[in-house]
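Visitor: I would like to learn how to read the features of a protein model. Could you walk me through one?

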Amino acid sequence: MDHAGAMRRAISLSEAARGTTSPNPSVGAVILDEHGEVVGEGATQPPGGPHAEVMALRQAGERARGGIAFVTLEPCAHHGRTPPCADALVKAGLAGVRYAVSDPNPVASGGGEILRAAGIDAQPGLLVGEVEHGPLRAWLHFTRTGRPHVTWKYASTLDGRVAAADGTSKWISSPESRAEVHSIREGLDAIMVGTGTVLADDPALTARLADGTLAERQPLRVVVGTGEIPATARVLDGSAETVRIRSHDPDEVLALLAGRGIVDVLLEGGPRLAGAFVEAHRVDRILAYLAPALLGSGPMALGDTGVSTITEIHRWSVEGVSMSGDDVRISAVPLSTTT
C-alpha cells in the first residue's frame, strides 16, 4: 500500500469512529511494516479508552518495528486519561510517522517534536485537506473556537419551500436522501430543533437503519425554545436522550452543549431557529438537499436573518455538489472560514 492509500484507510477508520469519541477527536491510524504491508490499524475508542495509535500498535506487535505509522492527527504528547501516543510510537521502534493535521490543542500538541527528537522521520500534512474537511472537521472547529460545530441540514424544493401551504412536508426529499441523513445522524453528537418544529412535525430525531429499526447509537436530541411541548411528543419517547434548552440565544445554547462535551451538532430546526443561528454566524456548514420539485407557496427553508440590504448578504462557498437519488446535495461553508 502506498502512503496516500494508507492515510485514506486511516481516514476511513476515523470516520467510522465519529460520534463515539467526543469530546476527544475520532482519529484513525494504520501501520505499514518495512515492506509496505498493513500490519496494524485502529481508531480512537470512547473516552477513557486507547487512542488510535495504541490500537494499531497492539495489532501490529513487533511487526511495527522499522515501519511507518499513518495517523489522521498528530500523536498526542501529554498524559491525560491515557499515556502519550508519541511515547508509544517511539517505544515501538517505528522508522517514520506521517500525520495529516497538526494538533491545535496546546495541551496535547508537540508529539511531532517528540518523534523527531527520538530520530523518527515524522512529517505532517499528508492529505490534510481530506482530514480537515472530513472526520475531524467538527473537532478541529470545537478545539479552535470552544463551540460545537453546527451543520444546518434542510431539504427543500427548488423554490426553497420546506412544506406545502397546509404544512405537509412528507416527503420532499428522495428515499436516498432520507437514508443518507439517518446515516449522518448516527455519527453525530446531537440533533437540534426548535419547539415550533416539535409542535408542527412531531419528529422522532432518531437514527434509523434501512429496515426502519433504531441504530445502535443515537445522538442527543436537543429542543430549543421557551414554548411548551406535549408530553406525548416523540422526542420524549425514551428511544434516545433528550434535553430542553429554554433559550433563543445561539451562543447560550452552544455554550450549554459545549459544557456537555458536545462537539458535532446537526441543526434540523425550522426556518426561525435556522435564521437565528445564521444571523448570529453560528452555522458552520450548510447541507442542503434540493428536490426537483416546485410548490410555489408554503414555508421557506430560512427565516429572518437580520439582512435588510444586499450589502449584508451572508456569502457561502460551495465545497461539494453531488446527487442523492433525484436530489441535488450541496455542502457549503462560510466564506470567512474553512472549518
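Guide: We will go through sheets, helices, spaces and backbone details in turn.

Visitor: What should I know about the model before starting?

Guide: This is a predicted model, so treat it as such: local features need pLDDT of at least 70, side-chain atom pairs count only at pLDDT 80 or more, and totals for chains, interfaces and linings use all residues. Residues are numbered from 1 along each chain as its sequence is written, and side-chain values use heavy atoms, with hydrogens and water left out.

Visitor: How do I read a sheet, and what is the strand order in the open sheet of eight strands?

Guide: Helices (H or I, at least four residues) and strands (E, at least two) are DSSP runs, numbered from the N terminus. Two strands pair if DSSP finds at least two bridges between them. Here the eight strands follow the order 9-8-7-10-6-11-13-12, and the pairing is mixed. Strand 9 (242–245) and strand 12 (316–324) are at the edges with a single partner strand each, so one side of each has no neighbour in the sheet. From one strand to the next, the twist averages 20°; axes are lines fitted to C-alpha atoms, for helices over the stretch in contact, and angles run from 0 to 180 degrees between N-to-C directions.

Visitor: Do strand 7 and strand 10 run parallel or antiparallel?

Guide: Strand 7 (residues 190–194) and strand 10 (residues 264–267) run parallel and are joined by three bridges. Ala 190 stands opposite Val 265 in strand 10.

Visitor: Which strands does helix 6 lie across?

Guide: Contact means heavy atoms within 4.5 Å. Helix 6 (residues 137–145) lies across strands 6 (149–157), 10, 11 (285–291), 12 and 13 (327–334), at about 130° to strand 6. Helix 10 (residues 271–279) lies across strand 6, strand 7, strand 8 (220–224) and strand 10, at about 110° to strand 7.

Visitor: What is the order of the open sheet formed by five strands?

Guide: That order is 2-1-3-4-5, again with mixed pairing. Strand 2 (38–43) and strand 5 stand at the edges, each with a single partner strand, so one side of each lacks a neighbour in the sheet. Neighbouring strands of this sheet are turned by 15° against each other on average, direction ignored.

Visitor: How many bridges join strand 4 to strand 5?

Guide: Four bridges join strand 4 (residues 96–101) to strand 5 (residues 121–124), and the two run parallel. Across this pair, Arg 98 stands opposite Gln 123, and Tyr 99 stands opposite Pro 124. With helix 4 (residues 111–117), these strands make a right-handed β-α-β unit. A crossover is right-handed if, with the strands pointing away from the viewer, the path from the first strand over the helix to the second runs clockwise.

Visitor: How much space lies in the largest pocket?

Guide: On a 1 Å grid over the protein atoms alone, a cavity is a set of points where a 1.4 Å probe fits but cannot get out, and a pocket is an open set with protein on both sides within 12 Å along at least five of seven lines; lining residues have an atom within 4 Å of a point. Grid points are joined across faces, edges and corners, and a volume is the space filled by probe spheres set on the points. The largest pocket holds about 1,200 Å³. Its lining has 46 residues, with Ser 169, Thr 197, Asp 201, Pro 203 and Glu 268 closest to the centre.

Visitor: Which residues lie nearest the centre of the largest cavity?

Guide: Arg 18, Ser 22, Ser 26, Trp 139 and Val 263 do, among 13 lining residues. This cavity contains about 100 Å³ of space.

Visitor: Which peptide bond involving Pro 23 is cis?

Guide: Most peptide bonds are trans. The bond joining Ser 22 and Pro 23 is cis, with omega about 10°.
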